Amino acid sequence: MSGTAAALDGVMVKACERVPGVRNAALVLLAEGISIGGLGAGAAFDREPLVRAAVRCLGTSNAWVRSSRRVTEFAEYAFVGDEQITLILRGKLQPRLALVLVCTRESNLAFLLTAARDALREIELVEELAEWVT
Amino acid sequence: MSPTGVDWAALADALLQIERLSLDDSGLLEFGIEQRGGIFVEKGRICWVAASGLGRRLRHLILAHSRIDEVELDRVCEQCRRQNGLLGQTLVAQGLLEPAELEVALRQHSTESLIELSRAPLPTRFRSHAGRGYAPRFTFRPVELLLDTVGACFPELRAKARRELEALATPGIQAAAFVFDPDRECLLPVVELGQRAIEDLRALGRWASSMPLASLELAVAPSLTLATTEKGDSVVVWWGAGILYTVICDDRASLAAITSRQLAKA
């Protein structure tokens, strides 16, 4: 079971327990544009929009290259809507990895971001991820 | 071609050529093999834009923006011809035109000429020559004229964007507003707070365009999107009434102020 999508689904459920109001989530390999784990209602197919949004935001072609040739790479995006907040975070240990979380709007944005960072850190450390990112 | 009839990529490329000149460079960026006009540069800044068919336009603009009459204007024109003087600056020197009036007339003239020169992509060539002594006040940065030109094509959106950004104008905030050209599917900078170069604005627009696209993927209409680097630099982006706003926050206080303001508005 180690390294399978089902195993990573379990890892995500556990890691995201402390993120308030999570409805849906996807763990994304940015270069390949695929989801390797998820949680919430629906199958992997239903999480396709989350994957595409992550690739648009964190894909290599989306760095902000300034005239000074300074490259600004964004690591986190928060889409704050009336009813939900969608967070897209790049892995710190595994920059090829992104976590997308769709959460209800009840929580404070800063608190949600902190909880999401903790969840991603926990996910990045699990053994089950090794065969996907090495 | 956009609905405005302007080839924005060609215009931005021409202005970028000027932006890349040094502050010692003066000369003319010619448009077209059979010269259709050109952009005159003095010490790296634009002093005049000429386009065929608009030879007498500055005269009309000066008459429209000031209280000078035609007889007086003809007299000064003749004097400038004889002495190889600069019409606008001579009018200001003689107290017949306020500096601000000349600035408005020159910017409008340059904008209209740039629109005319950018109807289609034309080959360009820069020829260096000595400057004529234009006062810096009456010369402009390429980015200023790009914003003026976009604004002239989207006047209502420019006015709206200006009001919105002026309400944000506090220390520590740099911002830019972009309008969407539906035909070319590109974002055009229309107002900015700060001193960004064209290349920077283009890069910022290219990056920011991924926000509405990602929102479409997610099927959400966010009140705002917050993007953060690992070092903590933040950009707040939102889309409203056909305008994409980007605000670069240099510190936590400005970030908190912008996000609270936007969320309160939502």
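I began with B:K43 and located this residue in the loop between β2 (37–42) and β3 (45–51) of chain B. I note at the outset that the model is predicted.

I then looked up the backbone of B:K43 and found phi near 50°, a positive value in a residue other than glycine. For its surroundings I recorded 15 C-beta neighbours inside 10 Å, so B:K43 counts as partly exposed.

B:N84 is not a glycine, yet I read a positive phi of about 55° for it. Around B:N84 I recorded 7 C-beta neighbours inside 10 Å. B:N84 therefore counts as exposed, since the cut-off for that class is 12 or fewer.

My last entry concerns a helix pair across the two chains. I took down the angle and the distance between the axes, because two packed helices are described by these. Helix α2 (residues 48–58) of chain A packs against helix α9 (residues 210–218) of chain B at an angle of about 170°, and I noted their axes as 8 Å apart. That angle makes α2(A) roughly antiparallel to α9(B), as angles over 145 degrees count as such.

I listed the residues in this contact. On the α2(A) side I found A:P49, A:R52, A:A53, A:R56 and A:C57. These meet B:S210, B:L213, B:A214, B:E217 and B:L218 in α9(B).

Note on methods. Residues are numbered from 1 along each chain as its sequence is written. Chains are lettered from A and ligands numbered from 1 in the order in which they are written. This is a predicted model: local features need pLDDT of at least 70, side-chain atom pairs count only at pLDDT 80 or more; totals for chains, interfaces and linings use all residues. Axes are lines fitted to C-alpha atoms, for helices over the stretch in contact, and angles run from 0 to 180 degrees between N-to-C directions. Helices (H or I, at least four residues) and strands (E, at least two) are DSSP runs, numbered from the N terminus. Angles under 35 degrees count as roughly parallel, over 145 as roughly antiparallel, 65 to 115 as roughly perpendicular and the rest as oblique. Two residues are in contact if their C-beta atoms, placed from the backbone, lie within 7 Å. A residue is buried if 20 or more other C-beta atoms lie within 10 Å of its own, exposed if 12 or fewer, and partly exposed in between; C-beta atoms are placed from the backbone.
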